[in-house]
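Hi everyone, thanks for coming. I'll walk you through one protein chain today, so please get the picture up on your screens and follow along.

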Amino acid sequence: MAILDLKYYGASVLTRPAKPVKRIDRELLKLAQDMLESMYHYHGVGLAAPQVGVSKRMIIVDCGEEYQEEPYILINPEVVSAEGKQFGPEGCLSLPEFFTDVERPDKVVVEAMSLEGKTIRINGQGLLARALLHEIDHLNGVLFTELVSDEEVLANEIPVMKDRIRKILSGELPAVPEYEEDIELEDRVAVEA
Ligand code: NI
């Protein structure tokens with residue numbers, strides 16, 4: 001397994017639709033394992049293949065045992081239905097340390113293929129619904145900044161984030177942020193996907 005480098009805001013792979021997976025082969029299995037390891041390494045609750053530079057429709061989601069018994073590795077996921085509303089903080093590993101409130105449906109049903117090639121259906125609520133929707137958006141080339149209605153937040157925060165990305169890419173800042181307190185880490189990574 002390997003830790004993969006993240007693609008950050010501004011990378012073209014993040015703003016174009018990813019291609020459907022046609023075949024589950026060894027290459028895809030390895031990508032899934034590497035994505036899983038990378039998601040935990042960067043303290044995310046989700047990761048989409050375009051975030052590691054691979055334009056394929058595969059996502060990983062692990063919101064913890066409160067939400068799921070094991071990590072989801074989902075191929076060609078589709079939102080079957082969405083209902084309700086939640087409004088809360090969201091973040092993205094490709095948009096380092098940019099967190100803001102975003103409205104999402106509170107409940108979703110997602111259908112996808114497992115690594116074994118079986119059709120699976122997942123009911124997600126709360127954080128799990130948010131993470132599934134966030135990752136599926138990535139497959140459509142959509143970043144959560146598109147859901148932010150407060151123009152002022154975007155105008156203020158995006159230049160700061162771009163500067164942070166520049167520093168990460170040049171090695172001035174670590175790719176995994178070092179937080180002062182664990183409690184803060186818990187709070188913040190809970191929504192980063
Ligand atoms: Ni993301």
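Let's get one term sorted before anything else: buried means under 20% relative accessible area, exposed means over 50%, and partly exposed is in between, using a 1.4 Å probe and protein chains only.

Now, a word on what you're looking at. This is a predicted model, so local features need pLDDT of at least 70 and side-chain atom pairs count only at pLDDT 80 or more, while totals for chains, interfaces and linings use all residues. Residues are numbered from 1 along each chain as its sequence is written, and side-chain values use heavy atoms, with hydrogens and water left out.

OK, the overall layout. How many helices and strands does the protein chain have? There are four helices and seven strands. Starting at the N terminus, the order is α-β-β-β-β-β-β-β-α-α-α. The radius of gyration is 16 Å, close to the 16 Å that the globule rule gives for 193 residues, so the chain is as compact as a globular protein of that length. That radius is taken over C-alpha atoms, and the rule is 2.2 Å times the number of residues to the power 0.38. If you boxed up the C-alpha atoms along the principal axes, you'd need roughly 45 × 35 × 30 Å.

Then charge. The chain has 20 positive and 36 negative side chains, with the centres of the two sets 10 Å apart. Lys and Arg count as positive, Asp and Glu as negative, and His and the chain ends are not counted. Each charge is placed at NZ of Lys, CZ of Arg, CG of Asp or CD of Glu.

On to the strands. Two strands pair if DSSP finds at least two bridges between them. Strand E4, residues 86-92, and strand E5, residues 95-104, pair in the antiparallel sense over six bridges. A hairpin of two residues joins E4 to E5, and glutamate 90 sits opposite threonine 100 in E5.

Strand E3, residues 72-83, pairs with strand E6, residues 107-113, antiparallel and over six bridges. Look for valine 79 there, opposite valine 110 in E6. E6 also pairs with strand E7, residues 119-125, again antiparallel, over seven bridges. In that pair, glutamate 111 faces arginine 121 in E7, and methionine 113 is opposite threonine 119 in E7. The E6-E7 hairpin has five residues between the strands, and glycine 117 takes a positive phi near 85° there.

Speaking of phi, most residues other than glycine have a negative one. You'll find histidine 43 in the loop between helix H1 (26-41) and strand E1 (46-48), and it's partly exposed at 34% relative accessibility. Glutamate 97 also has a positive phi, near 60°. Glutamate 97 is in strand E5 and is partly exposed, at 27%.

Last bit: distances. Contact means heavy atoms within 4.5 Å. Among contacts between residues at least 6 apart in sequence, 68% join residues at least 24 apart. Take isoleucine 3, in the segment before H1. Leaving aside its neighbours within four places in sequence, isoleucine 3 is in contact with Glu37, Ser38, His41 and Tyr42. Isoleucine 3 and tyrosine 42 are 39 residues apart in sequence and 9.1 Å apart in space, C-alpha to C-alpha.

And back to aspartate 163, which lies in helix H3, residues 151-170. How far apart in space are aspartate 163 and isoleucine 60, and what is the gap in sequence? They are 28 Å apart, C-alpha to C-alpha, and 103 residues apart in sequence.
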